[in-house]
Amino acid sequence: MNPLRSPAGLALQQVLRGGLSLRVLCWVCITSFWLFAERGFLLAFEFPRGAGKDWAVADDVYITASFSRTLMEGGGPRWYPDAPKLEGFSSPTWVVMLALVQSLPGFRSSNLGLYTSGLNGLLLAACAWLVVATLAESPDEASSSGRPTLVLASLVCAVSGVSMCNWAAAGFEAPLVAAACLAAYRESVRSGGARALRVGLWTAMALATRLDAMTCCAGTLLLSAARLRGRDRVVALGIPGLCLAGMFLARHWYYGEWLPNTYYLKGTGWLFRDRFWQGWIQNSPVWLLVVVVLLPAILVLAPSLPHRSLAFALAPLSAFLLSVVYSTNVGGDLAFEVYGYDRFTAVGALFLPIGVVGLLTPPAGGGHTLARTGCGLIAALVPVAVRPSFEGRVHFREPGHAWLSLAAGPVRPDSKDVVGRWIDAGRAVEAATRPGALVAVCAAGAPIYFSRRRGLDLLGKIDERVARLPVRRAPPPDARCWRGFPGVGHNKEDVRSSFRAAPDLSMVAPPAALSSQYVRVSVDSVPFWARVGSPEVRWDALKRL
């Protein structure tokens, strides 16, 4: 029997004849796959606790959640009430959104992962629709091969977006950045003409969420500047400009700094060659695609493209390329890559299928070759198909293992399993100390979030002095938290100077010179070092080791 004449085949043919129905079908398929993948990644953050469970997020997200909770409780955007004014987060918009989440009736801190994954699930669905709707308006859509191209590009986008699903499950703001950037780009290329106000507002939203979203918005702004005239151009470019100016002024007014503390932590004091090499190793599969396929294709095909196709290709491809360059320049991500992309490049990856379709559209009057578009889209899967190693080599991923990790949840790596131990540590700190205790931590997220105590961040994300230290190639004296590779955000430390603050409790051993002032203790089998004689420590709750 011919499958195309079966009821399912006839139904599929009927769907393919209708543009709107095909868009909906592609959107449903991408969204369903992404939510399925997000669920799989979320299982790595599930920690049984007696009769209940903790649904966790990445430790960095707990830092943002601590700022959000203090904001919600009226203490302003600070790490904890009465903390020094220091911007230890990267996303102002996400701070506000997590504050709203934590103000919901019935919210429990142990379920923060469920709330953030639900919110990010909605944002993933929005991203899927924006990609499909933009692809459906591509110059190729009017041709006879436009619908097959839409289907193929949607499938490639679904696979390329698996990395985004991981960051969504971990509680990061990456889906919100992607949705805002995609919305701004779609408004700039609509067939009816760019809508200046919407371009400006969506771009401003992206920049307010993460300042480095400029990598994915730069092409959109240049395209809008070229397509718009007069007042519309001023609106499209002026709104993001006003947003940036407002952010810088508000930051300087409240924190006394023009830039967030994370800029000094990750962007200063680190030799360019060292950080670039680490970023290159992490992004090597992406650079393989860029150097071998993408750049040669742009050089060969771009000169022959009609104006609309050129705009449709170069703006999204610039978003992808700039995100890769940015990630490589800052040394990559401490969490390394997941299915090809880190938190920065995962946003650019959603633009890649759009740019490939625009690039492979033939010039006016030229014949279209579906095979050419298909080959280009399949090549876009190279970063997902291979993975880098810390030694700088690349290896092919095992499709069977990848599918099982999405279906049943990935085998929890140490980096995620330790989040559960940090949550336990936070609860133990709460039981072992009084509210005024100062706790020294390497992980500044879960221990402070669950203990509600004052924190001393040894790695500098929320410590102005440590963030401005030079990066050392070798571990510093009395190193406790320092990490050389991947090192971004974790390669600055000065334990000797940090302990001058005399923390009441420490999650790591004190420097050797102060070892006599601390005693090793435990609470519920969680080990700590307590300062001898500290009135903020509940000594009756401790067991000496």
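Okay, let's start with helix H10, residues 214-227: at 1.5 Å a residue, its 14 residues should span 20 Å, and the end C-alpha atoms sit 19 Å apart, which agrees. The expected span here is 1.5 Å times one less than the number of residues. Helices (H or I, at least four residues) and strands (E, at least two) are DSSP runs, numbered from the N terminus.

Quick background: this is a predicted model, where local features need pLDDT of at least 70, side-chain atom pairs count only at pLDDT 80 or more, and totals for chains, interfaces and linings use all residues. Residues are numbered from 1 along each chain as its sequence is written, and side-chain values use heavy atoms, with hydrogens and water left out.

Back to H10: its buried residues include Cys216, Cys217, Leu221 and Leu223. Buried means under 20% relative accessible area (1.4 Å probe, protein chains only).

Next, a helix pair. The axes of H5 (112-136) and H7 (162-169) come within 8 Å and cross at roughly 150°; axes are lines fitted to C-alpha atoms over the stretch in contact, with angles from 0 to 180 degrees between N-to-C directions. The two are therefore roughly antiparallel, meaning an angle over 145 degrees. Touching there (heavy atoms within 4.5 Å) are Thr116, Ser117, Asn120 and Leu124 of H5 with Met164, Cys165, Trp167 and Ala168 of H7.

Last, the sheet. It's open, with 6 strands ordered E6-E5-E7-E9-E8-E10 and mixed pairing; a pair needs at least two DSSP bridges. E6 (454-457) and E10 (543-544) are at the edges with a single partner strand each, so one side of each has no neighbour in the sheet. Inside, 2 bridges join E7 (505-506) to E9 (526-531), running antiparallel, and serine 506 has tryptophan 529 as its bridge partner in E9.

Methods: Buried < 20%, exposed > 50% of the residue type's maximum accessible area, 1.4 Å probe, protein only. Parallel < 35°, antiparallel > 145°, perpendicular 65-115°, else oblique.
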